[in-house]
Amino acid sequence: VPMLAYFAIGLVVRRQRRFATDIRFARSHRALRLGLQRLDEARGAPQPVDDLYHAVTSYLADEFNLPETGMTSADTRQILDARHIPEDIAAGLTRILKTCERARYAAETLSQDEVFALTEGARAVMERLDNFQKRSVHA
């Protein structure tokens with residue numbers, strides 16, 4: 001039993017050190033949780049399109065350890081293509097960001113149903129990207 005306890009403590013300490021020293025790992029590990037939390041907050045926000053856009057770009061920045069600011073749909077597409085992300089995932093994320101960009105630049109206000117559809121679409125594609133990333137790391 002003591003040997004098993006030492007082994008478990010060693011694993012916990014090793015993991016804590018990795019979170020403290022490996023920023024890429026730490027950001028990627030918390031990316032989905034924070035991204036989904038931001039999506040939930042976007043639904044009730046005064047500017048849901050802006051918050052949705054920020055939630056998706058922040059998720060991508062955390063997932064791939066990139067700067068958060070200034071990411072566009074075109075940048076997103078290049079990032080995803082460079083990392084060989086499957087087309088259905090890349091197209092879904094790009095489409096959501098383009099819809100947000102169009103709504104922002106056209107000064108349109110989206111209906112609650114449209115915002116709900118966009119946030120649910122973003123949730124689904126973010127979860128698929130997270131699963132793909134986890135599978136590719138373990139493969």
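This note goes through the predicted model point by point, from overall layout to single residues.

1. Basis. The model is predicted, with local features requiring pLDDT of at least 70 and side-chain atom pairs counted only at pLDDT 80 or more, while totals for chains, interfaces and linings use all residues. Residues are numbered from 1 along each chain as its sequence is written, and side-chain values use heavy atoms, with hydrogens and water left out.

2. Overall layout. The chain has six helices and zero strands, in the order α-α-α-α-α-α along the sequence. Helices (H or I, at least four residues) and strands (E, at least two) are DSSP runs numbered from the N terminus. Along the principal axes, the C-alpha atoms fill a box of roughly 65 × 30 × 25 Å.

3. Of the 139 residues in the chain, 39% are buried; buried means under 20% relative accessible area, exposed over 50%, and partly exposed in between, with a 1.4 Å probe and protein chains only. Contact means heavy atoms within 4.5 Å. Among contacts in the chain with a separation of 6 or more, 64% join residues 24 or more positions apart.

4. Leaving out residues up to four places away in sequence, Leu 93 touches Val 56, Leu 60, Leu 80, Val 125, Met 126 and Leu 129.

5. Helices α1 and α2. Helix α1 (residues 2-21) packs against α2 with axes 5 Å apart and an angle of about 100°, which makes the two roughly perpendicular. Axes are lines fitted to C-alpha atoms, for helices over the stretch in contact, and angles run from 0 to 180 degrees between N-to-C directions. Angles under 35 degrees count as roughly parallel, over 145 as roughly antiparallel, 65 to 115 as roughly perpendicular and the rest as oblique. Arg 15, Arg 18, Phe 19 and Thr 21 of α1 meet Ile 23, Phe 25, Ala 26 and His 29 of α2.

6. Helices α4 and α5. Their axes come within 9 Å and cross at roughly 170°, so α4 is roughly antiparallel to α5. On the α4 side the contact is made by Ser 73, Thr 76, Arg 77 and Leu 80, and the α5 residues include Ala 90, Leu 93, Leu 97 and Glu 101.

7. Thr 76. This residue lies in helix α4 and counts as buried because its relative accessibility is 1%. Apart from neighbours within four places in sequence, Thr 76 is in contact with Leu 60, Met 71 and Leu 97.

8. Arg 24. Placed in helix α2, Arg 24 has 45% relative accessibility and therefore counts as partly exposed. Beyond neighbours within four places in sequence, Arg 24 is in contact with Phe 64 and Asn 65. The C-alpha atoms of Arg 24 and His 84 are 18 Å apart, at 60 residues along the chain.

9. Charge over a ring. The charged end of Arg 104 sits over the ring of Tyr 53, 4.6 Å from its centre. The rule asks for NZ of Lys or CZ of Arg within 6 Å of the ring centre and within 35 degrees of the ring normal.
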